[in-house]
Amino acid sequence: MIAGAPVVVENRPGANTLIGADFVARAAADGRTLLYSTTSMAIAPLLQKTSLSVDGVVPVIQISAETYALAVSTSSTVTIPQDLERLAAARREGLNCSVVPGAPELACEQLKILLKGRSTSVPYAGAAPAVQAVVAGEADLTFAPVSSLLPLVHAGRLRLVAVSSRDVLPPDMGSLPLLSMAWRGFFLEGFTGIFAPKGTPKERMEQLNRELNAVLRAAEVRESMRISAQIPVGGGPEHLDSEMRRMHTRYREIIKLMGVDVTSR
């Protein structure tokens, strides 16, 4: 199915990944149209009421566990998480945190609670402009997948202050503090995964899962993911389903702490 077969990648951005999910949900349930998506699948339904068919896709396999980081410009005086508390207290206007929808946005909102409101979440349309805002000094910090930050870290333009996991960090990153240890109860986890339309035949789902697991076991794939600080996962569709449910529950708790109404999904 996968080996030697042509693959067409079609970007369907919008509505915090829900446009793409809806497109796949409405596709023929033959396992030939698949969705590659992220943690937003567990978060977006909590924050926005939608008629899109987000429940019309089912997990095939978890591709990776995301490693996130809190990053600042190398010109910043912030070197440890606690420096943000001191800086926010010293500034009348507080801090600006550049955000994109999903887990990074909820990380900025958790920081705002920790800083007693002395932080403002500034929305950006994508991860690249959100990160560039920090480099340019338009924002004080951002939360983003380490994979999207490493090129600018190696170029000397960004500094990582804390991370969600040290499991696959490059050796030159040193022993960065964990976000969950710096601030008790701070939660920032994520995934990437493959989904198929609901109703896809069991035999086809098993074939997809089997062949994608084989891809994830390939040495060159694992090395490529390691270099970008992504943790290969694999396993059966039930594993991704369990992870989605766990994160959905945890992020629901965080959204309630923010005082935001949670949708019934």
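Colleague: Which residue in strand 8 does Gln-62 stand opposite?
Modeller: Gln-62 stands opposite Gly-193. Bear in mind that this is a predicted model.

Colleague: How many bridges join strand 2 to strand 8, and which way do they run?
Modeller: Eight bridges join them, and the two strands run antiparallel. Strand 2 covers residues 57-66, and strand 8 covers residues 190-197.

Colleague: What about strand 2 and strand 9?
Modeller: Two bridges join that pair, again antiparallel. Strand 9 is residues 231-232. Ala-65 has Ile-231 as its bridge partner there.

Colleague: Why call strand 2 largely enclosed?
Modeller: Eight of its 10 residues are buried, so the rest of the structure largely encloses strand 2.

Colleague: What does the side chain of Thr-192 make a polar contact with?
Modeller: The side chain of Ser-64, at 2.7 Å.

Colleague: And which residues does Thr-192 touch, leaving out those up to four places away in sequence?
Modeller: Tyr-36, Ser-37 and Thr-38, then Gln-62, Ile-63, Ser-64 and Glu-66.

Colleague: New topic: the largest nonpolar core. Which members touch the most others?
Modeller: Leu-70, Leu-141, Phe-143, Leu-188 and Tyr-251, out of 46 residues in that core. Helix 10, residues 237-257, supplies the largest share, with six residues.

Colleague: Where is the second core, in terms of residues?
Modeller: That one is separate and has 23 residues. Ala-69, Val-135, Leu-149 and Leu-178 are among them. As background, nonpolar side chains tend to be buried together in soluble globular proteins.

Colleague: What is Phe-143 in contact with, neighbours within four places aside?
Modeller: Ala-69, Leu-70, Cys-97, Ser-98, Pro-104, Ala-107, Cys-108, Leu-111, Leu-179, Phe-186 and Leu-188.

Colleague: Which residues of helix 4 are buried?
Modeller: Ala-103, Pro-104, Leu-106, Ala-107, Cys-108, Glu-109, Gln-110 and Leu-111. Pro-104, Ala-107, Cys-108 and Leu-111 are also among the contacts of Phe-143.

Colleague: What span should helix 4 have?
Modeller: It has 12 residues, 103-114, so at 1.5 Å a residue it should span 16 Å. The expected span uses one less than the number of residues. The end C-alpha atoms of helix 4 are 17 Å apart, which agrees.

Colleague: What is the phi of Lys-116, positive or negative?
Modeller: Positive, near 55°. Lys-116 follows helix 4.

Technical notes. Residues numbered from 1 in each chain as written. Predicted model: local features only at pLDDT ≥ 70, side-chain atom pairs only at ≥ 80, totals over all residues. Heavy atoms only, no water. Core = buried A, V, L, I, M, F, W, Y, C linked by side-chain atoms within 4.5 Å. Buried < 20%, exposed > 50% of the residue type's maximum accessible area, 1.4 Å probe, protein only. Helix = DSSP H or I, 4+ residues; strand = E, 2+ residues; numbered from the N terminus. Contact = heavy atoms within 4.5 Å. Polar contact = N/O pair within 3.5 Å; in protein donor to acceptor, adjacent residues only side chain to side chain. Pairing = 2+ DSSP bridges.
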